[in-house]
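Trainee: I would like to go through this structure and ask what stands behind each term.
Mentor: Go ahead, and we will set each value against its cut-off.

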Amino acid sequence: MRLRFLLVAVLCLLWGSGCARRKAAGLTLAGSTSVQPVAEKWAEVFRQGHGGFEISVQGGGSTAGVVAAESGAAELGMCSRSLKKEEEKRVQAVTVARDAMVLIVHPKSTIVGLSLDQVRGLYSGEMRNWRDVGGADLRATVITREDGSGTRGAFEEMVMGKTLITNSALVQDSMGAVRQMVAADQAAIGYISLGIVDASVKALRIDGQEANEENIDRGSYKLLRPFTFVSKGEPTGNAKVFLDWILGPEGRELTRKEGLLPPSS
Amino acid sequence: MIRIPDKVVERALLMMALSSMAVLSLITVFIFREGAPLVWKVGLGEFFSTTWRPTAGHFGISLMIVGSAVVTVGALVIGVPFGIACAVVLTELAPAKVRAALKPAIEILAGIPSVVYGFLGIVVLMPAIRQVFGGPGASALAGSIILGIMVLPTIIGISIDALQAVPRSYREGSLALGATEWQTTWRVVLPAARSGIVAAVILGMGRAVGETMAVIMVTGNSVQMPGSPLDPVRTLTANIALEMGYAAGDHRAALFATGIVLFLIIMALNTLANTARGTKKTTASRAAAAPASPGGGAAALGSAPVPDKGTAAPANAARREGS
């Protein structure tokens, strides 16, 4: 008797766990962990205005986002870099926000700004000392992100060009970790999104331009990367509704609040 | 009430027990299936080259092997003396009070999550290294120190087992010959437990090679040949954990291939440790037979036990010391 009961219970459990995997009605987003925070914010506010609309936002990275959109695992993939040539053939991208990337140093550093060439010099390993760029006589601790990260991809594209990032650069696996290391080391330099800069670090001027909204809108601050939603073919249904809302007035305002800029219209 | 036949219960338990082996074989098959084709594709020469630029199609992992080796050796240099000393204190020297305090402390050490060790490394160790030696602080040295602490429970635990397996008659014989307690420990007990202690060190090595989180947090993860202990390094485990999140295609396969190398290293270390322990078992069983022999009984009376081949050297050493 007891055994049969147990058997039934086990079967129920198995059945239940099978059911739990069914997809919630609504919309699934997956991809860049840089886009994820703002996407979650959009989803949260959008949900309030559209009762019962479920949006699930998952991480995984830009590349995974593109793959997810292509395979249909997610309606929209989130991507924090420009699409590669072969990716462009398979999916299409819509810019949903622009993210300013800033170079950060320790607050006590005497450096206030660098030229793009100097940044490249430091990251290529050509310049190893802060003296080389007008700072104190201190060996520079260059901090980068790991290979495959969208943030690193965007940085390489915008700053490094064909030049390689030096092998002696420290590698951290999130922007938060980069910020933490820079905050702790007077000789460190790292790159993160403008949105997550805080008082523990100092953002540098690039080519004399401060990373603020005005300079970005005017186009004089150059280190901008697109945050895009990628989809296989034109976005339709729920994906289109959500996308239109993000690009509409309500979404744009929220984008600004999150420390990003809406796409240039 | 339905009666379950014994046979059924036995079978069910056997199946459950075997499932652990099934999981192991599934893991093995999986990582080889995911990783091996890439090694085949790029060739062993490229795979063991020094260029790791996965997004540009270069998958050389030898610098990560160097990184793992450097950090592990560092960890052993720090962990082994402390570990063995602690085991000796616990089995040979410590009064009951000290033992009562020491044992739970070591157990807690083993239970602390590795991310906590890593965090301590970031907030305490790295600034200290930065201040004392300069440089970024994130370094092979930092990794070695953190791992040196993390391998302690492994080394201590297995060393204690080995030391406790040394028969009482050895100690009694040595003491009876006039050796001091320290001479007995150093010249008789430790040599007799040698194979077990070697196993402890090897398993500690396996622990160090396999540790991931704490290492990622403190070693800096640069793919480069370290010129000094103060240079950052990347270990095999760190390579996988750092890049797995965003990797796709060949890059992902290369990380699985890194896993294969790691898997083989750990397998080799475990086999080595088991072999070393196997030797211990035979010595122990031979030793266990000794007290039963007439010579063993005489030990307490002050005459030396008739040592067999394996233990002749330490016993003789004790005699020299004692005279």
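Trainee: What share of the contacts in chain B with a separation of 6 or more joins residues 24 or more positions apart?
Mentor: The share is 75% in this predicted model. A contact here means two C-beta atoms within 7 Å. In chain A, among contacts between residues at least 6 apart in sequence, 73% join residues at least 24 apart.

Trainee: Why is B:Trp40 called exposed?
Mentor: B:Trp40 has 11 other C-beta atoms within 10 Å. A residue counts as exposed at 12 or fewer, so B:Trp40 qualifies as exposed. The residue is found in helix 1 of chain B, residues 6-47. Its C-alpha atom is separated by 36 Å from that of B:Ala142, 102 residues apart along the chain.

Trainee: Why is A:Gly233 called exposed?
Mentor: The cut-off is again 12 or fewer, and A:Gly233 has 8 other C-beta atoms within 10 Å, so A:Gly233 is exposed. It sits in the loop between strand 11 (224-231) and helix 9 (237-247) of chain A.

Trainee: Why are helix 7 and helix 8 of chain B called roughly antiparallel?
Mentor: The axes of helix 7 (residues 168-176) and helix 8 (residues 181-192) of chain B cross at roughly 155° and come within 10 Å. Angles over 145 degrees count as roughly antiparallel, so the two helices of chain B get that name. Their crossing is right-handed.

Trainee: Which residues meet where helix 7 of chain B touches helix 8 of chain B?
Mentor: B:Tyr170, B:Arg171, B:Ser174 and B:Leu175 in helix 7 meet B:Thr184, B:Val188, B:Val189 and B:Ala192 in helix 8. By class, that contact has five nonpolar, two polar and one charged residues.

Trainee: What do the buried residues of helix 7 of chain A pack against?
Mentor: The buried residues of helix 7 (residues 175-184) of chain A are A:Met175, A:Val178, A:Arg179, A:Met181, A:Val182 and A:Ala184. Their partners include strand 4 (92-105), strand 6 (141-145) and helix 6 (150-160) of chain A, together with helix 4 (114-133) of chain B.

Trainee: How many residues of chain A are in contact with chain B?
Mentor: 19 residues of chain A are in contact with 24 residues of chain B. Helix 3 (62-71) and strand 7 (170-172) of chain A each give two or more residues to that side of chain A. The largest share, three residues, comes from helix 3 of chain A. By class, that side of chain A has eight nonpolar, seven polar and four charged residues.

Key
Residues numbered from 1 in each chain as written. Chains lettered and ligands numbered in written order. Predicted model: local features only at pLDDT ≥ 70, side-chain atom pairs only at ≥ 80, totals over all residues. Helix = DSSP H or I, 4+ residues; strand = E, 2+ residues; numbered from the N terminus. Nonpolar A, V, L, I, M, F, W, Y, C, P; charged D, E, K, R; others polar. Axes fitted to C-alpha atoms, helices over the stretch in contact; angles between N-to-C directions. Parallel < 35°, antiparallel > 145°, perpendicular 65-115°, else oblique. Left-handed = near helix turned anticlockwise from the far one by under 90°. Buried ≥ 20, exposed ≤ 12 C-beta atoms within 10 Å, placed from the backbone.
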